[in-house]
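Colleague: I am new to this structure and would like to learn how to read it. Could you take me through some of its features one at a time?

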Amino acid sequence: MGQGQVRLGIDVGGTNTDVVIMRGQEVLASAKGFTTADVGQGIVRVVGECLAAWNGDRSDIGSVMIGTTQFVNAFIERRDLARVAAIRISLPRGDGVPPLSGWPLELRQKLDAATYMIGGGSFYTGKDYAPLDEDALAAAAADARDRGVESVAITANFAPMRPDIEERAAAIVRKTLPDADITLSASVGGIGLVDRENATIVNASLSRLARRVVTSFVQAFADLSINAPIYISQNDGTLISTEMAMRYPILTCAAGPTNSIRGAAFLTGLTDAIVVDIGGTTSDIGFLLNNFPRETTTANYIGGVRTNFRMPDVLSIGLGGGSLVKTGPDRVTDLGPELVGYRLVEKGLVFGGDVLTTTDIAVRAGSARLGDPNRVAHLANDLVEQAVDLIHAKLEEAIDRIKTSAAPMPLILVGGGSILVSRPLKGVSEVLRPAYAEVANAVGAAIARVSGRVDKLYDFQALGREEALRQAAADAKAEAVKAGADPDSVEVIDIVELPMTHMRSGCVQVRARAVGSLLAGMNAA
C-alpha cells in the first residue's frame, strides 16, 4: 500500500461509528457519530461528515478498512442468530463430550441447534482411524433440511491436519442443503476438538447476519460514490476481504479493541504500553507488546462459550460514557452495567433526557464539555465526587488485572469515553492522551496490514528444529501473500513452539504469524 494512497478507516461500535481519512502517517480528517440500527445509514452520515471536513476528491481514496463489533454484540445479546446444524465427524472416537456441552442453557435454547455424530476422522499424524460415513452424513443433512436449518458447522477430529475430511463432508451436505452456509472447523480454530467445534458453531450462527451487515457496508460506499476496495479488520489487527468476513465473522469479534490498541500505538509511537479504550458501552483494557496486541494464551470465552481461536488479551468491563449511575440517599451505589448506549444523546441529562449517566458526571465535574451543563448543575458535589472516585477505582482494578508485573507502565487513554478520566491512575507511570484519541479505533483500522498464519504440527524429529521453524515461517509468509500482502514487505512477527508432551512422537505444534503491507491495487473480494 503506497504511502501516498488515501485510506478511509472506520470503526462501527455498539454506540459510536468513528471515521478517519489518512495519507501515509497523516490524519487528514476525522468524524464521530452514533451508530444506527441500520449500520449502513450511520456509515453514510458519519463518512459524509468526514469527507466534508477533508474536502478532497473521493476518487483519491484507494482503500476502505472497517472494524466492527456488530457480530460479537449480536452473539452476546442472543439476537439475529441463524438456525445451526452441528455435525461432528469423530466416531468411534471423540464422543465423550457431546456438541454444545458447557454452553449456557439459555443460549442453547435460543440457538435450538440440531446436533449429529458421524463416523470418521484421523489421528494427529493425519492417518485415518475410520472412514467417513457418507450415508450417515447424507441422512443428517436431510434431517437438518427438514428442521429448517440455515447454517451448518462441520467439525472433524484433528481437522487442521486433515482438512480434506471436512471438505468431503461439506460437498455431501451441499447436495441436500445447497443454500446453507457451511463453516469448516479447520478454517476457524486450533487443534483441540471441543473448543474448535464451539468456535465453528458460533461462526455458523452468525453467518446470515454477517452477510446482511457486510452487504450494508458495501451498499453504503456505493451510495457515497466511493469505489475503492473494502477490507474488514480481524482479531489480530490485520485485514481480510469482505467475502472472508461474510464467511468467517468470528474472525472479527475482537477487531474493535484490537484496532484501538494498534491506533494507540500509532498515535503515540510507543511499542509497549497498557491501552485503555473507553467507549460508550465498555472500557477495554489491553496490552501493547512489540507494537501489536498481546494475544491470550488461555481459552477464550464469547458470550459464555469456550473457544480456542486467536484473540487479543483484552479485559472488558461494563463502564462507558453511556453507563447508568445508580444512586441511593445522597450517595452513589454503583455504575452500570446497565447503559443507554447510542441513546445517550436522547437519555442523558445534559442532552435533555432524564437518566443520570457517567457522561453527565464528567460534565458536572468539569472534565468534559458536552450538551447543556446547566442541566446537571443541581447534582451535589459529594455525589459527583463519589461517582468520580468509583470510575477511577474500577479502571485501576482492571488495569491491575491485565498487568503481568507490579512495575508501573505507560498508559495510553483513547476512546470517546476517555473524558471520564480526570485524575492520575494508580499502577501506571504516565497517562498519555494523544491527538485523535477519540477515534483511535478508526486509526487502527486505517493502518491495518495483511496477515498470514499457520497453526500446525511439525515433525521436529524428521525435519530438525531449525528446518521445521523455517518451514512454519515460510508457510505463514505464503498465507500473507495469498491474503493480499506485498511479498517484499512480509515479515514474521511471532513464532511459538508448543511441544505435544502427551504424545510419543517428535511432533511440535507451531504457531507462526506474518504480516505485510497491502499490495497497491489489490482488489478485495
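Predicted model: local features only at pLDDT ≥ 70, side-chain atom pairs only at ≥ 80, totals over all residues.

Colleague: Let us begin with helices; what span should the 22 residues of helix α11 have, and how far apart are its end C-alpha atoms?

Modeller: At 1.5 Å a residue, helix α11, which covers residues 381-402, should span 32 Å, and its end C-alpha atoms are 32 Å apart, which agrees. The same reading can be made for helix α8, residues 255-268, where the 14 residues should span 20 Å and the end C-alpha atoms are 20 Å apart, again in agreement.

Colleague: How should I read a strand, and how many residues of strand β4 are buried?

Modeller: In a regular strand the side chains alternate between the two faces of the sheet. Strand β4, residues 61-68, has seven of its eight residues buried, so it is largely enclosed by the rest of the structure.

Colleague: Which strands pair with β4, and in what sense do they run?

Modeller: Strand β1, residues 6-12, is joined to β4 by seven bridges, and the two run parallel; in this pairing, Arg7 stands opposite Ser63 of β4. Strand β11, residues 230-233, also pairs with β4 in the parallel sense, over three bridges, and there Val64 has Ile230 as its bridge partner.

Colleague: How many residues does the largest nonpolar core have, and which have the most contacts inside it?

Modeller: In soluble globular proteins, nonpolar side chains tend to be buried together. Here the largest nonpolar core has 57 residues, and those with the most contacts inside it are Leu8, Val47, Val64, Phe221 and Ile226. Helix α6 supplies the largest share of this core, 12 residues. A second, separate core of 36 residues includes Ile317, Val332, Val363 and Leu425.

Colleague: What does Val47 touch, if its neighbours within four places in sequence are left aside?

Modeller: With those neighbours set aside, Val47 is in contact with Leu8, Ile10, Val19, Phe221, Leu224 and Ile226.

Colleague: Where is Asn198 found, and is it buried or exposed?

Modeller: Asn198 is found in helix α6, residues 193-223, and it counts as buried because its relative accessible area is 3%, where the limit for buried is under 20%. Its side chain is joined to that of Trp103 by a polar contact of 2.9 Å. Not counting residues up to four places away in sequence, Asn198 touches Trp103, Val305, Arg306 and Thr307.

Colleague: What can be read from the loop between β5 and α3?

Modeller: Pro92 is found in this loop, and the peptide bond from Leu91 to Pro92 is cis, with omega near 10°. Leu100, which also has its place there, has a positive phi of about 75° although it is not a glycine, and at 6% relative accessibility Leu100 counts as buried. Val97, found in the loop between β5 and α3, counts as partly exposed at 40% relative accessibility. Val97 touches Arg88 and Val194, not counting residues up to four places away in sequence; Val97 and Leu193 are 96 residues apart in sequence and 9.8 Å apart in space, C-alpha to C-alpha.

Colleague: What is the phi of Phe158, and where is Phe158 found?

Modeller: Phe158 has a positive phi, near 55°, in a residue other than glycine. Phe158 is found in the loop between β9 and α5, and with a relative accessible area of 17% it is buried.

Colleague: Finally, how many disulfides does the structure hold?

Modeller: The structure holds zero disulfides. As for individual cysteines, Cys50 counts as buried at 0% relative accessibility, and Cys253 counts as buried at 6%.

Conventions. Residues numbered from 1 in each chain as written. Heavy atoms only, no water. Helix = DSSP H or I, 4+ residues; strand = E, 2+ residues; numbered from the N terminus. Expected span 1.5 Å × (residues − 1). Disulfide = S-S within 2.5 Å. Buried < 20%, exposed > 50% of the residue type's maximum accessible area, 1.4 Å probe, protein only. Polar contact = N/O pair within 3.5 Å; in protein donor to acceptor, adjacent residues only side chain to side chain. Contact = heavy atoms within 4.5 Å. Pairing = 2+ DSSP bridges. Core = buried A, V, L, I, M, F, W, Y, C linked by side-chain atoms within 4.5 Å.
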